[in-house]
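Subject: Structure handover

Hello,

Here is the structure I promised to pass on. Please open it beside this email and follow along.

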Amino acid sequence: ARSQFEQLFRQVEERLALAKSSPKGLLQVLVYLPFPEDLMLFNELWDAWIPRGHAPSRACINTQLAAPGYRAELIITAACDSV
């Protein structure tokens, strides 16, 4: 789970950069976790990843995901520079 969460955060950073944003620009994040036992680890990695003072509003939802091997999915709303 750890490596998948870390990979997910890297992918988010890449997508945010394409929109001329960063983790500091996150406004809202919906976190879908199929395994409740992953929440503590996810929170630990999340807290290390989110810049201090820039935590967005967040909700964690326990549900099945489209692919059985996925440990998390995120729906993100972020501020970005106008194009």
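What share of the contacts in the chain with a separation of 6 or more comes from residues 24 or more positions apart? The share is 84%. Contact here means heavy atoms within 4.5 Å.

First, some ground rules. The model is predicted, so local features need pLDDT of at least 70 and side-chain atom pairs count only at pLDDT 80 or more, while totals for chains, interfaces and linings use all residues. Residues are numbered from 1 along each chain as its sequence is written, and side-chain values use heavy atoms, with hydrogens and water left out.

**The overall picture**

The chain has two helices and three strands. Helices (H or I, at least four residues) and strands (E, at least two) are DSSP runs, numbered from the N terminus. From that end, the order is α-β-α-β-β. The radius of gyration is 13 Å, close to the 12 Å that the globule rule gives for 83 residues, so the chain is as compact as a globular protein of that length. That radius is taken over C-alpha atoms, and the rule is 2.2 Å times the number of residues to the power 0.38. Along its principal axes, the C-alpha trace spans about 35 × 25 × 20 Å.

Now the surface. The accessible surface of the chain is about 5500 Å². Carbon and sulfur atoms hold 52% of it. Areas come from the Shrake-Rupley method with a 1.4 Å probe; for residues, only the protein chains shown count as cover. Of the 83 residues, 29% count as buried. Buried means under 20% relative accessible area, exposed means over 50%, and partly exposed lies in between (1.4 Å probe, protein chains only).

Look at α2, residues 39-49. Phe42, Leu45, Trp46 and Trp49 are buried there. They cover an arc of only 105 degrees around the axis, which puts them on the same side of α2. The arc is that of the directions from the helix axis to the C-beta atoms. On the other side, Met40, Asp47 and Ala48 are exposed. What do the buried residues of α2 pack against? They pack against α1, β1 (26-33), β2 (57-62) and β3 (73-78).

In soluble globular proteins, nonpolar side chains tend to be buried together. In this model, the largest nonpolar core has 16 residues. Such a core is a set of buried Ala, Val, Leu, Ile, Met, Phe, Trp, Tyr and Cys residues joined through side-chain atoms within 4.5 Å. Phe9, Phe42, Trp46, Trp49 and Leu74 have the most contacts inside this core. The elements giving two or more residues to this core are α1, β1 and α2. Its largest share, five residues, comes from α1.

Phe42 is worth a click. Leaving aside neighbours within four places in sequence, Phe42 is in contact with Phe5, Phe9, Val31, Leu33, Arg58, Ala72 and Leu74.

Glu44 also lies in α2. Glu44 counts as partly exposed, at 47% relative accessibility.

**Gln4 in α1**

Gln4 is found in α1, residues 2-18. At 25% relative accessibility, Gln4 is partly exposed. Not counting residues up to four places away in sequence, Gln4 touches Gly69, Tyr70, Arg71 and Ala72. A polar atom of the Gln4 side chain lies 3.2 Å from the backbone oxygen of Gly69. The C-alpha atoms of Gln4 and Tyr70 are separated by 8.0 Å, although the residues are 66 apart along the chain.

Lys20 is in the loop between α1 and β1. Lys20 counts as exposed, at 54% relative accessibility. Most residues other than glycine have a negative phi. Lys20 is not a glycine, yet it has a positive phi of about 55 degrees.

Is Ser21, in contrast, buried or exposed? At 16% relative accessibility, Ser21 counts as buried. Ser21 is found in the loop between α1 and β1. It touches Leu16, Ala78, Ala79 and Cys80, again without residues up to four places away in sequence.

Asp38 lies in the loop between β1 and α2. Asp38 is buried, with a relative accessible area of 6%. Beyond four places in sequence, Asp38 touches Ala1, Phe5 and Arg71.

Best wishes

Notes
Polar contact = N/O pair within 3.5 Å; in protein donor to acceptor, adjacent residues only side chain to side chain.
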